[in-house]
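Subject: Structure for you to look at

Hello,

Here is the structure I said I would pass on. Please open it next to this email and follow along.

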Amino acid sequence: MIYPYYEKEPVIAEDAYIAENAVVTGDVEIGSESSVWFNTIIRGDVSPTKIGKKVNIQDNSVLHQSPGSPLILEDEVTIGHQVILHSCHIKKKALIGMGSIILDGAVIGEGAFIGAGSLVPQGKVIPPNTLAFGRPAKVVRKLTEEDITDMERISREYAEKAKYYKGAAPILKR
C-alpha cells in the first residue's frame, strides 16, 4: 500500500517492485530497479527516506527516521529479512544481514557487510569493504573476494526475482 502523509507522497520509479502488502508512506523516494518485499514498512512521516537504484529491501523490514535525520540507502544496497534501519546512511553495495538493527547517525561504508543479527549503535561508522557483526557490531576483517562475489550474487538474484514478481499476478482463491 502506498500512502501520502500530509503534502508528502512517495516517489517510486516505474520499474521498481513494491510487494502488495508492503507499506510505503510519506517522504520516500525509491530508485529504478529497486524492490521492497513482503510485509516491509517504509515510513517517511518524520524525515525523508532516500532509496537508490537496484536496492532490495527484504521481507519484514522496517525503515524509519528521527526528526531532521534522513534515512539514506545508496545504490545496489541489500537489506536482509527483518532488518530495522533508523536515520542511518547505508553506502553503495553494502549488505545488512538478516535481523540487524542500524541506529541513528550510523554510517555503513561502501561495500561493507553487516552480519546477521548485529546491532550498529548510534553514530558508529563501519569502514568500507569490511565485515562487522555482533551486539554492538565490531569490524572483524576485510571482505574476501568470495564475500564480495556472494554479495553481488544476492543483489543480482533479488533484481531478477523483482522483475518476475512485478509481472506476476497473485493467485486469488475463492
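Below are the notes on what was found, grouped by topic.

This is a predicted model, so local features need pLDDT of at least 70 and side-chain atom pairs count only at pLDDT 80 or more, while totals for chains, interfaces and linings use all residues. Residues are numbered from 1 along each chain as its sequence is written, and side-chain values use heavy atoms, with hydrogens and water left out.

The sheet

Helices (H or I, at least four residues) and strands (E, at least two) are DSSP runs, numbered from the N terminus. Two strands pair if DSSP finds at least two bridges between them. An open sheet of eight strands, with mixed pairing, runs in the order β3-β5-β7-β10-β13-β16-β19-β20. β3 (17-18) and β20 (137-142) each have a single partner strand and stand at the edges, so one side of each has no neighbour in the sheet.

β13 (residues 95-96) and β16 (residues 113-114) pair in the parallel sense over two bridges, and L95 has F113 as its bridge partner in β16. β16 is also joined by two bridges to β19 (residues 130-134), again running parallel; here I114 is partnered by A132 in β19. β19 and β20 run antiparallel and are joined by five bridges, with V139 in β20 as the bridge partner of A132. A hairpin through two residues connects β19 to β20.

The core

A nonpolar core is a set of buried Ala, Val, Leu, Ile, Met, Phe, Trp, Tyr and Cys residues joined through side-chain atoms within 4.5 Å. Buried means under 20% relative accessible area, exposed over 50%, and partly exposed in between (1.4 Å probe, protein chains only). The largest such core has 41 residues, and L73, L85, I90, I102 and I108 have the most contacts inside it. Elements that give two or more residues to this core are β3, β4 (23-30), β6, β9, β13, β19 and α1. The largest share, four residues, comes from α1. Contact means heavy atoms within 4.5 Å. Leaving aside neighbours within four places in sequence, I90 is in contact with residues including L73, L85, I102 and I108.

A buried glutamine

Q65 lies in the loop between β8 (62-64) and β9 (71-73). With 2% relative accessibility, Q65 counts as buried. Its side chain makes a polar contact with the side chain of T49 (2.8 Å). A polar contact is a pair of N or O atoms within 3.5 Å; within protein, one must be able to donate a hydrogen and the other to accept it, and residues adjacent in sequence count only if both atoms are side-chain atoms.

Aromatic rings

Rings of Phe, Tyr and Trp (its six-membered ring) pair if their centres lie within 6.5 Å; planes under 30 degrees apart count as stacked, over 60 as edge-to-face and the rest as tilted. The structure holds eight aromatic pairs. One of them, F38 with Y165, is edge-to-face, at 5.7 Å centre to centre and 75° between the planes. This pair links distant parts of the chain, 127 residues apart: F38 is in the loop between β5 (35-36) and β6 (41-51), and Y165 is in helix α1 (residues 145-167). F38 is partly exposed at 28% relative accessible area, and Y165 is partly exposed at 35%. Ring pairs link Y17, W37, F38, Y158, Y164 and Y165 into a cluster.

Regards
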